[in-house]
Amino acid sequence: MTQYDVAVIGSGPGGYVAAIRCAQLGMKTAIIEKYSTLGGTCLNVGCIPSKALLDSSHHYEDAIKHFEEHGIQIPGQVKVNLEQMIARKQGVVDLTTKGIQFLMDKNKIDVYEGLGSFKDATHINIRKNDGKTDTIEARHTIIATGSKPSTLPFIEIDKERVITSTEALKLTEIPKHMIVIGGGVIGLELGQVYKRLGAQVTVVEFMDRIIPGMDAALSKELMKVMKKQKVSFNLSHKVKSVERKGKEVIVKADNKKGEEVVLKGDYCLVSVGRRPYTDGLNAAAAGVKLTDRGMVEVNEHLQTNVANIYAIGDVVRGAMLAHKAEEEGTMVAEILAGQKPHIDYNLIPGVVYTWPEVAAVGKTEEELKEAGVEYKVGQFPMRALGRSRASMDTDGFVKILADKKTDEVLGVHMIGARCADLITEAVTAMEFRASAEDIARMSHAHPTYAEAVKEAALAATADRALHI
C-alpha cells in the first residue's frame, strides 16, 4: 500500500493548489479526482468555460452593435456559429485542464482517477471507473470535493429543457426564450451570454433585488444596465412550479402581492445557488462531522473534528469562490508544514463577469449601517473618464466606503469595464489598511479605468473629486 504525507480529495482550484503547495514544501502528495480531467467544477464546467462564452458573445455583440460606430464595416450579415463557439470554449477548457496535469507532473504529485472515500481516518479507498479499488494511506487528508448546482425540491432537472449551468455551457441551439430562476452571479452571467446571441431572457428572483449579497447600489446599477440590454426581471417572485411540455417550459410564480405569474419559454436555467458536495465521501468512516446540508465542519485552521483531516473550498463555510478555495488550500499546506499563515476573509473579493463587470471587497453600506459604523462615501461615475468614453464603456461607477474618523477604507464597490481586474487595487490597499487619502494621493496612469478608483477616493476625502 502506497503511503503519503498528504492526500487531497478533489482537484478543483482549492485541491490542486493545496497539492502543489504541499509538494513544494517537501511532502509526498497524492491527489484523487473522480473525473477523467483535473480542475474540478471551475475549470471544467464553471469559471473558465463561462468566461470563454462571455468573451465570445461579447465579441459578437460588439460586431453587430458597435463596430459600425467605430468605423468598422463588415460586408454581409454577421452570424453566430454556436457549434464553433462551444467548440472554442471546450478548447480553452482542454488546454487549461492539461495545464493542471502538467503542474501535477512537474511537482511529482501522484494522480489517482476514481471516487475517493474514507476507509478510516488514515486510509482512502479509490474506486476506479473499471470497478477496481485501490487503497492508499495518508498521514493527512485534505477534503476539497467542491460543490454542485442546487435546485428546488419541486423542480425536476431533465438536463434538456430544464437545465443547470453545466448544461447551459453546451447547448446546441440558441434559446428563443430562456427563463432564469435566480438573479445571482451564475444566472446573470449565462443569461447575458444567451441574450447577446439573440435569446429573450427573463430573470425570476425571490429577493427584491439581483446579486442580493452585494452592495445595494451595485444591484440597482446592474439591473438598470441589463434592462437597457432588454433583459426582463421579475423580482420578489416565489417560484412554485416548473413544468415541461414537449419543447415548452412553463414556470409559475407568485409575486409579492400573492398573484400568480405564468412564464413560458423553451429553456429554464435553474440557478439558485450551489450545495457542498460530499456524496460518496463516506466521511462517517473517518469520524468527520458534516452538517445537515453536507458541509464539512472546520475550525479557524480549516481542521475538522478529526485532527489529521482538513477541508477547504466550497465544502466548508464561506463564499463559494475559486480564489477563496486557493487561499485555503495554500493555508492548510503551510499549516501542515509548521508555518503560521492566515486569511482575512473580509478581503476576499467577489466578482460578477457580466458586462459591465461588477466587483467588490470589504463591507457593504448595508453592513456598516447594521453594525453602527460611522462612514463616509466617495463615488465616481465611469462616464466621466476619458478612457471610458474612448471605449464606449460609460456605464457604472466606483464607490469607496471609508471610516468617518480614521479615513481607513472599509469597502470598495465597483461596476464598469474591467472591474474584475480593478478590484485588486482595492484589495491591495485594504490589506495594508490604507486610508482613502492614501489612494487619492497615488498617481494613476491616464487615461485608464483605474482613475475612477482615485477619483472615488478623492470624493471620499472631503469631496475632492476633480473630474465631476
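1. A nonpolar core here is a set of buried Ala, Val, Leu, Ile, Met, Phe, Trp, Tyr and Cys residues joined through side-chain atoms within 4.5 Å, and buried means under 20% relative accessible area, with exposed over 50% and partly exposed in between (1.4 Å probe, protein chains only). On that basis the largest core has 52 residues, of which Ile136 and Ile142 touch the most other members. Helix 1 (residues 13-24) gives this core its largest share, 7 residues. A separate core of 38 residues lies apart from it, and includes Leu347, Ile400, Met414 and Ala420. As background, nonpolar side chains tend to be buried together in soluble globular proteins.

2. Some ground rules before the details. This is a predicted model, with local features needing pLDDT of at least 70 and side-chain atom pairs counting only at pLDDT 80 or more, while totals for chains, interfaces and linings use all residues. Residues are numbered from 1 along each chain as its sequence is written, and side-chain values use heavy atoms, with hydrogens and water left out. Helices (H or I, at least four residues) and strands (E, at least two) are DSSP runs numbered from the N terminus.

3. Who are the neighbours of isoleucine 136? Leaving out residues up to four places away in sequence, isoleucine 136 touches Met1, Thr2, Tyr4, Ala7, Ala30, Ile32, Tyr112, Thr122, His123, Ile124 and Ile126, where contact means heavy atoms within 4.5 Å. One of these, isoleucine 124, stands opposite isoleucine 136 in strand 6.

4. That brings us to the strands around it. Two strands count as paired if DSSP finds at least two bridges between them. Strand 5 and strand 6 (residues 133-143) are antiparallel, with 5 bridges. Their hairpin has 5 residues between the strands, and glycine 131 in the turn has a positive phi of about 90°.

5. Strand 19 pairs antiparallel with strand 18 (residues 350-352) over 3 bridges, and a hairpin of 4 residues joins the two. Glycine 350 is the residue opposite alanine 360. Strand 19 also pairs antiparallel with strand 22, over 6 bridges, with glycine 362 partnered by glycine 411.

6. Helix 7 (residues 216-228) passes a simple geometry check. The expected span is 1.5 Å times one less than the number of residues, so its 13 residues should span 18 Å, and the end C-alpha atoms are 19 Å apart, which agrees. Leu218, Ser219, Glu221, Leu222, Met223, Val225 and Met226 are buried in this helix. Their cover includes helix 6 (185-196), strand 11 (232-234), strand 19 (357-362), strand 21 (397-403) and strand 22 (409-416).

7. What about the ends of helix 7? Just after the helix, lysine 230 has a positive phi of about 75°.

8. How many salt bridges are there? The count comes to 21, a salt bridge being a side-chain nitrogen of Lys or Arg within 4 Å of a carboxyl oxygen of Asp or Glu. Glutamate 61 and lysine 65 make one of them, with their closest N and O atoms 3.3 Å apart. Both lie in helix 3 (residues 47-65), 4 residues apart, about one turn of the helix. Glutamate 61 is buried at 13% relative accessible area, whereas lysine 65 is partly exposed at 49%.

9. Two other pairs for your list. Glutamate 173 meets arginine 161 in a salt bridge (3.4 Å, N to O). Glutamate 173 is partly exposed, at 30%, and arginine 161 is buried, at 10%. Arginine 275 and aspartate 279 form another salt bridge, at 3.6 Å from N to O; arginine 275 is partly exposed at 32%, as is aspartate 279 at 41%. Shared partners also join Glu61, Lys65 and Arg196 into one salt-bridge network.
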